Amino acid sequence: MKVLVYSDDAATREKVRLAIGRRPAADLPLVEIVECATQAAVVRKLDSGEIDIAILDSEAAPAGGMGIAKQAKDEVHDCPPICLIIARRDDRWLANWSRADAVISQPLDPMIVAETIAGLMRGRLPAVS
């Protein structure tokens, strides 16, 4: 699965990448991390249809993840699930406004990041009958 990680901060992208690892849970396929540092790169990747999960930093500048999430949910056909990284607990209402599928808070807890992304990934797997 391809997981997009957007932040203008390389350290934040690295923390997310390390928390997810090669796979966030044993029952899931391997993960390919696609890092983006600009809004234009995120939009290109989401429009390509190749991204399975997107993790967006709400504190990124000049374009924050919440605005990008809202735009993607409104404009991208079959938009993948989006997880927002928020800095303040009070930002959850903005995450709801942006139609994010999940939220993780700073400082990033690797276990919570992995669990959250694993849940989103499981929702993208084809149903087995």
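**View 1. Leu4 and its partner across the strand pair.** In β3, Leu4 has Ala54 as its bridge partner, and Val3 stands opposite Ile53 of the strand. Strands β1 (residues 2-6) and β3 (residues 53-57) run parallel and are joined by 4 bridges; two strands pair if DSSP finds at least two bridges between them, and strands (E, at least two residues) and helices (H or I, at least four) are DSSP runs numbered from the N terminus. The model is predicted, so that local features need pLDDT of at least 70 and side-chain atom pairs count only at pLDDT 80 or more, while totals for chains, interfaces and linings use all residues. Residues are numbered from 1 along each chain as its sequence is written, and side-chain values use heavy atoms, with hydrogens and water left out.

**View 2. The enclosed strand β3.** Since 5 of the 5 residues of β3 are buried, the strand is largely enclosed by the rest of the structure; buried means under 20% relative accessible area, with a 1.4 Å probe and protein chains only, exposed means over 50%, and partly exposed lies in between. Ile53, Ile55 and Asp57 lie on one side, and Ala54 and Leu56 on the other.

**View 3. Pairing of β3 with β4.** These strands pair in the parallel sense over 4 bridges, and the bridge partner of Asp57 in β4 is Ile85.
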